[in-house]
Amino acid sequence: VSVLIDKFDVFAGGFWLTLQACVLAAIGALVLGAVVAVLRISPVPPLRAVGTAYVTVFRNMPLTVVMFFAAFGLPAIGSNADFLRIPLLDSLFTRLGTDLPYFRFALIALVLYTAAFVCEALRSGVNAVPAGQAEAARSLGLTFGQNLRYVVLPQSWKASVVPLGSVIIAMIKNSALMGFFGVVGDLSQTADQLTSAEGYAFIPVAIGISIGYLIMTVPLGAFLDRIERRQAMAR
Amino acid sequence: MSQQAVLYDVPGPRQRRLTLIFSLVAVVLLLAGAYFLIYRPLHAKGQLSMDLWGPLIDPGNENFSSVWDRIAVGVRHTLIAAALAIVSSLAIGTLLAVLRLQLKELGRRRFLGFAAPVPILLRVLSAVLSAITRVCVEVFRGLPVVITIFFVARGFPEFGITLNTLWYLVIGLTVYNAVVIAEILRSGMEGLPAGQREAAATIGMSPLQTTRMILLPQAFRIMLPALISQLVVVLKDTSLGFIISYEELLNIGKQIIGVLGNPIQVYVVIAVLFITVNYSLSKLAQYLQRRLARGRKTATIAARLPPPPAATAAADEVRVGR
C-alpha cells in the first residue's frame, strides 16, 4: 500500500494531466458539437447532410479507430497538429506545446468523437421543446434565427443539460484511452508504468488509479441525478 | 425531423430561391474545403496511390486475398468477443437488476413474527447487502472500460489465473456492461406504474415472482431501444481488445500495416466495416422504437415514463455515462 504514499505525486500528476485533457476536450467538443448541431437543423439541405454524415460516421466508429487515425494518419500526411499550440493556452496547459505530438493527437480524436454525441444531446434538447412553441413564434413572424434564439434554445437548454453531462462523463472515461496512444503520464499510462515497468504491487496501484477516475465521474453523475430529479419534479 | 420542420415556414418562391443559392454556395465551399483540406494533403503525400490502396480494393493485387483473409479473421474474433460479452452481460445484468430490486424490497420488510433480535439483524443485513451492491454499481459504472479491461488482464495473472486474452476482454467488457444493463433494466422496472406490482401482490405473487413474471418482461420491452444502443457500445468497445493484444480487427489491422505500411487506408476500411454494422444496429433500434411507440399496450406506459435518456437522446453513450 506504501506505493500510494510514495508515489502520490505520480498519481496526482496523472490525475492532473487527465483533468487537463478532459477540460480542453470538453471545451472543444462543446464548440464543435454546437456547430454540427446548427448544421443539422439548418434549412440548407447540403449543410444538413454534412451534419448528419458527421454524426453517423463518428457515432458508429469506435473511439479507438479515431485515435488510430489521429495518431498514425496525421503524421502520414505530415501534420504534427501544430495548430493546437495556441500561444496563451499552451502556457497554462503545458502539454499542448511540447514537441511530442501525442497529447494533441489524442485531444483531436477525443474532440472529434465526442462532438458527435454533443450534437445529438443538443438536438434532443431542441426536439424536446413542444412544437407549439416554435409554431407560436413563427406565427408571430419570428425568423428562423430569432425563433431559435429567443424561443427554442432557451427552453431546449434545460432539456439538454442532463444528456450533455452524460456525454461529458463518458468523455472523461474515454480519455483513459490516450494513455495507450503514446501520451505519457496520464492516469491510465501511470497504471501501466507503475505495475509493469516499476514492478509495484497491482492492487494498490489499481485502487489509486480507480480513485483518480471515480473522483471525476461519480460526483458529476450524482450531480446530474439531482438535476434530473429536480426537473422531473418541476414537470 | 418533426421539430425541424416547425422551425421555419414552408418556403415561398423567394425563400426557395435563397435556399437554392445558399445550397449551391455551400456545396461549392464544401467541395473546395474537401479538395484543399483532404484531397491535396493526401495527394501530396502520395496517400492515394494504388501501391497503398491496391491490397485492399484491387482483387488483382497479389496481396488482396491474404489481406482480406486476415481481415476476416479479425472480424470473426471481434464478433466472437462481442457476442460472448453481450450474452454474459445481458445475463449478469438481468440478475443484478433483480437482485437490487429484491434487496430494496427486503429493506422495506419489517420481519414481524420473529424473535426479538432477529428482525433487526435481518434488516441490517439487507441494508448492508444493498449498500454493497450499490457501491459496486457506482464503482464499475464510473471506471473507464479500458481501465477495467486493463485491470482484468493485469490483475488475474497476479492471482495465478491465466486465461486466453479473449476471456480477459470478455470479462472486462462484461463487468462494465452488466452494470450498465442492470441500471437500464432497473430504471425500466421502477418506472412501471405501481399498479402492476400491487395487482401482482393482490393475487398472491411473491416479490420474486412479481419481478420475474410481471416487471422484468415489461422492462425489457420498454427498454429495448436502450438495450440495443448498449449492444452497439459493446461492439464498439470490443476494439479495445488491442490494448491486451487480443487478435481482433484493429490488431489485425496493425499487423497488416506493419507489413504494407498503409495506416490511413487500412483504418478507412476498418472504420467502414464498423460503421456499417453499427449503423444497421442503430437503425434496428430506431425501427423497434417506432414499432413500440404504436400499437402495444405498453406504449402508453412508455409515453408516461420520463423518457429513457438513451432512447430520446439517441446517443449511445448517454446511459453509459451515468
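This is a predicted model: local features need pLDDT of at least 70, side-chain atom pairs count only at pLDDT 80 or more; totals for chains, interfaces and linings use all residues.
Residues are numbered from 1 along each chain as its sequence is written, chains are lettered from A and ligands numbered from 1 in the order in which they are written, and side-chain values use heavy atoms, with hydrogens and water left out.

**Chain A as a whole**

- Chain A contains 10 helices and 0 strands, where helices (H or I, at least four residues) and strands (E, at least two) are DSSP runs, numbered from the N terminus.
- Read along the sequence, its pattern is α-α-α-α-α-α-α-α-α-α, and its C-alpha trace spans about 70 × 50 × 35 Å along the principal axes.
- Chain A has 235 residues, of which 50% count as buried; here buried means under 20% relative accessible area, exposed means over 50%, and partly exposed lies in between, with a 1.4 Å probe and protein chains only.

**Buried residues in the helices of chain A**

- A:Gly51 lies in helix H3 of chain A and counts as buried because its relative accessibility is 0%; its C-alpha atom is separated by 21 Å from that of A:Ala159, which is 108 residues apart along the chain.
- A:Ile169 belongs to helix H8 (residues 144–174) of chain A, and this residue is buried, with a relative accessible area of 1%.
- Between A:Ile169 and A:Met216 there are 8.1 Å in space, C-alpha to C-alpha, although the two are 47 residues apart in sequence.
- A:Tyr213 is found in helix H10 (residues 202–234) of chain A, where A:Tyr213 counts as buried at 0% relative accessibility; the C-alpha atoms of A:Tyr213 and A:Ala170 are separated by 11 Å, and these residues are 43 residues apart along the chain.

**Helix H7 of chain B**

- Helix H7 (residues 165–190) of chain B has 26 residues and reaches 37 Å from its first C-alpha to its last, close to the 38 Å expected at 1.5 Å a residue; the expected span is 1.5 Å times one less than the number of residues.
- H7(B) bends by about 25° at B:Thr174, the bend being the angle between axes fitted to the seven residues ending at a residue and the seven starting there.
- H7(B) is largely enclosed by the rest of the structure, because 20 of its 26 residues are buried.
- B:Asn177 lies in this helix, H7 of chain B, and is buried, with a relative accessible area of 0%; from B:Asn177 to B:Leu227 the C-alpha atoms are 10 Å apart in space, while the residues are 50 residues apart in sequence.

**The second largest pocket**

- Rolling a probe the size of a water molecule over the atoms shows where empty space is left.
- On a 1 Å grid over the protein atoms alone, a pocket is an open set of points where a 1.4 Å probe fits, with protein on both sides within 12 Å along at least five of seven lines, and lining residues have an atom within 4 Å of a point.
- The second largest pocket holds about 1300 Å³ of space, and of the 33 residues that line the second largest pocket, the closest to its centre are A:Tyr54, A:Phe58, A:Leu112, B:Leu37 and B:Ile38.
- Both chains supply helices to this lining, among them helix H3 (45–59) of chain A and helix H12 (263–293) of chain B, each with at least two residues, and the largest share, 9 residues, comes from H2(B).
- By class, the lining has 30 nonpolar, 3 polar and no charged residues, where Ala, Val, Leu, Ile, Met, Phe, Trp, Tyr, Cys and Pro count as nonpolar, Asp, Glu, Lys and Arg as charged, and the others, Gly among them, as polar.

**Cysteines and a loop residue**

- The count over all chains comes to 0 disulfides, a disulfide being a pair of cysteine sulfur atoms within 2.5 Å.
- A:Cys22 counts as buried at 5% relative accessibility, whereas B:Cys136 counts as partly exposed at 36%.
- B:Ser245 is found in the loop between helix H10 (224–237) and helix H11 (249–260) of chain B; B:Ser245 is exposed, with a relative accessible area of 53%, and its phi is near 45°, a positive value in a residue other than glycine.

Notes:
Grid points are joined across faces, edges and corners, and a volume is the space filled by probe spheres set on the points.
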